[in-house]
Amino acid sequence: MIKSMTGFASGKGAFSPHSWTWELRSVNGKGLDLRLRLPDWLTGLEAALRSDLSKQVNRGNVTLSLRLSREEAAAEIQLNTSAMKASLEALAQTEAMAGTRGVLLAPSKASDLLSLKGMMEVGGDTDDPEPLVEKLKAEFGGLLLEFIEMRSAEGKALAGILGGQLDQIAELTNQAVKLAEGRRLEMEQALRDNLARVLDNAQGADPERVAQELALIAVKADITEEIDRLIAHVAAARALLSQDGPVGRKLDFLMQEFNREANTLCSKSQNAELTAVGLELKAVIDQMREQVQNVE
């Protein structure tokens with residue numbers, strides 16, 4: 001079954017102290033265009049997700065967004081023990097030197113030391129991106145599956161619409177066949193009458209050359225080939241719709257062929273009813289062509 005290029009999936013997750021929101025969406029496009037909006041510091045994540053997407057999606061403009069937030073823990077104040085040891089040693093040396101010179105110093109207090117710059121530090125966790133990246137890569141599989149399932153569901157609905165339009169084209173083609181058969185008898189009689197008038201009024205004209213010219217007019221007005229090609233195109237389109245792979249480009253090319261045959265049929269019709277059928281064919285083909293633009 002065909003897939004649509006339209007799809008959407010979203011999800012949420014958490015891995016302490018982080019939480020995040022995914023959003024994956026796609027619209028139709030001529031080729032595959034992947035746009036990933038991820039935090040830069042998550043090393044290796046973009047390459048992995050881009051690879052996963054490329055394996056599952058063949059065509060469309062795809063946008064993946066990851067919004068990441070971090071829950072900050074309460075900050076802990078810690079003693080810088082190295083700084084404290086250095087300060088105590090410096091204080092002991094200072095008091096010893098003062099004592100040898102008979103200088104009395106005021107007693108030192110703990111608060112004096114703790115107030116020194118760099119003595120107290122605010123502790124906090126530092127982020128290691130690797131575990132978080134592995135968690136995100138593992139979770140992305142579920143999001144991607146949901147996304148592909150939606151594209152498949154949209155494709156199934158799209159196949160139903162396209163199948164109905166092919167039924168209309170087939171029915172209109174059958175109508176054209178019947179009208180062309182009735183028109184053929186009329187044209188044969190008109191050509192005989194024209195030939196008789198030309199021969200009666202064309203003194204010295206070569207009868208064989210006149211007959212050839214009239215026969216050429218009849219050939220140019222014949223729509224048998226256009227009818228046969230329309231029937232073949234309907235069969236080819238049905239075969240493409242039954243395939244699992246990406247067939248959007250092939251269907252798009254086929255729609256150009258449909259349109260070409262409908263145009264030629266209208267130009268050759270020489271019959272009001274047949275022209276009306278040709279115009280209706282063109283309308284259905286244009287509608288189908290719009291839908292085909294969404295096929296992967």
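**View 1. Glutamate 226 and lysine 268 make a polar contact through their side chains.** The two side chains come to 3.3 Å. A polar contact is a pair of N or O atoms within 3.5 Å; within protein, one must be able to donate a hydrogen and the other to accept it, and residues adjacent in sequence count only if both atoms are side-chain atoms. This is a predicted model: local features need pLDDT of at least 70, side-chain atom pairs count only at pLDDT 80 or more, and totals for chains, interfaces and linings use all residues. Residues are numbered from 1 along each chain as its sequence is written, and side-chain values use heavy atoms, with hydrogens and water left out. Glutamate 226 has 4% relative accessibility, so it counts as buried. Buried means under 20% relative accessible area, exposed over 50%, partly exposed in between (1.4 Å probe, protein chains only). Setting aside neighbours within four places in sequence, glutamate 226 is in contact (heavy atoms within 4.5 Å) with Glu261, Thr264, Leu265 and Lys268.

**View 2. Helix 6 holds glutamate 226.** Helices (H or I, at least four residues) and strands (E, at least two) are DSSP runs, numbered from the N terminus. Helix 6 covers residues 224–241, 18 residues in total. From first C-alpha to last it reaches 26 Å, close to the 26 Å expected at 1.5 Å a residue. The expected span is 1.5 Å times one less than the number of residues. Buried residues of helix 6 include Ile227, Leu230, His233 and Val234. Seen down the axis, the buried residues of helix 6 fall within an arc of 145°, so they line one face. The arc is that of the directions from the helix axis to the C-beta atoms.

**View 3. Leucine 251 belongs to the largest nonpolar core.** A nonpolar core is a set of buried Ala, Val, Leu, Ile, Met, Phe, Trp, Tyr and Cys residues joined through side-chain atoms within 4.5 Å. This core has 31 residues, and Leu162, Ile169, Leu251 and Phe258 touch the most other members. Helix 4, helix 6, helix 7 (248–268) and helix 8 (272–292) each supply at least two residues. Helix 4 gives the most, with 8 residues. Not counting residues up to four places away in sequence, leucine 251 touches Ala237, Leu240, Leu241, Val292 and Val295. Apart from this core lies another, of 23 residues, among them Leu36, Val57, Leu64 and Phe140.

**View 4. Tryptophan 22 and phenylalanine 140 form an aromatic pair.** Rings of Phe, Tyr and Trp (its six-membered ring) pair if their centres lie within 6.5 Å; planes under 30 degrees apart count as stacked, over 60 as edge-to-face and the rest as tilted. The count comes to 1 aromatic pair. Its ring centres are 5.5 Å apart and its planes lie at 50°, so the pair is tilted. Tryptophan 22 sits in strand 2 (residues 18–27) and phenylalanine 140 in helix 4 (residues 129–201), 118 residues apart. Both residues are buried.

**View 5. A cis peptide bond joins serine 16 and proline 17.** Omega is about 5° here. Most peptide bonds are trans. Proline 17 lies in the loop between strand 1 (7–15) and strand 2.

**View 6. Helix 1 has a buried side.** Leu45, Ala48, Leu49 and Leu53 are its buried residues. They cover an arc of only 130° around the axis, which puts them on the same side of helix 1. The face turned away from that side carries the exposed residues Ala47 and Lys55.
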